[in-house]
Amino acid sequence: MAQDTYWASFEEISKYNVSLNYLERLWLAWYTYMGNDILATGIMSFVMHETVYFGRSLPWIIIDAIPYFRKYKIQQSKIPTAWEQWQCALLVLLSHFTVELPQIWLFHPMCQYFGLSTTVPFPSLAKMAFQICVFFVLEDTWHYWTHRAMHWGPLYKNIHKIHHQYSAPFGLAAEYASPIEVMVLGLGTVGSPILWCAITKDLHILTMYAWIVLRLFQAIDAHSGYEFPWSLHHFLPFWAGAEHHDVHHERFIGNYSSSFRWWDYVLDTEAGPEAAKRRREAKMAKAKKAL
């Protein structure tokens, strides 16, 4: 039964649900205290998104202000000013409240229709990890094709050009985009789990949250503008990362994928000096073979 305060609900639940772990009891107490699953999910989802987005962007803002890290900056002559970062943050925040908040509010009833679970106990880590890997692959595919389409003349001019305002991206600019682009590309992030849930009837909202957090980390880091010796793509060659996406912003073409490199590689849309060199070598080899 819901109590007057959240912690009173937590204490009451802890008395009768000793088999649940601490996090599961915190979770159940929140839904019990709120008494409205849509409201409980909506508030938790939006607060989580804003905390992660701006929390993950903050380290990159600090790094941009420290000269020591210039040697790791991909486009070293283009450091965002405080005004640019502030202006970007305001537009992103406006987009979050006017575009993303309504979508987040609709997410719970839509997913419950397909069988999304919000109950306890939580799913196993192995199940969550497998599902999140599937979401990464599905989202990357959606992102590649829709992002590539947005570089077609009219779509670029009227929709995608806003995102390319910064030829040298920075973390906060990950979701600096027109409302239409936010909805279209965001459909890959939210739509992949919904599709999975609709087909399998097996998805917990905690897995969705973990996926959103990792996707936000990926998007913000890809826009950071920094390449480190410990960057993930040095250990996972098929991972895209900042080095891959920064070239896209610098050249305004190619490297359309979000998380992985394989679509750009297979469809020959890689950008940058190395990709150009491979094309020249392939062309020369083909010409020699024709002789």
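The model is predicted, so to speak of local features we need pLDDT of at least 70, side-chain atom pairs count only at pLDDT 80 or more, and totals for chains, interfaces and linings use all residues. Residues are numbered from 1 along each chain as its sequence is written, and side-chain values use heavy atoms, with hydrogens and water left out.

I begin with confidence. pLDDT is the predictor's confidence in each residue, from 0 to 100. The protein chain has a mean pLDDT of 92, and 98% of its residues reach 70 or more. Helices are DSSP runs of H or I, at least four residues, numbered from the N terminus.

I turn to helix H2 (residues 22–34) and helix H3 (residues 37–64). Their axes come within 8 Å and cross at roughly 125 degrees; axes are lines fitted to C-alpha atoms over the stretch in contact, with angles from 0 to 180 degrees between N-to-C directions. Which residues of H2 meet H3? They are Trp27, Trp30, Tyr31 and Met34, which meet Asp37, Leu39, Ala40, Thr41, Ile43 and Met44 in H3; contact means heavy atoms within 4.5 Å.

Finally, the structure holds 34 aromatic pairs, that is, rings of Phe, Tyr and Trp (its six-membered ring) with centres within 6.5 Å. In one of them, the centres of Tyr144 and Tyr256 lie 6.0 Å apart with planes at 75 degrees, so the pair is edge-to-face (over 60 degrees; under 30 is stacked and the rest tilted). Tyr144 lies in helix H5 and Tyr256 in the loop between helix H9 (241–251) and helix H10 (262–266), 112 residues apart.

Key: Helix = DSSP H or I, 4+ residues; strand = E, 2+ residues; numbered from the N terminus.
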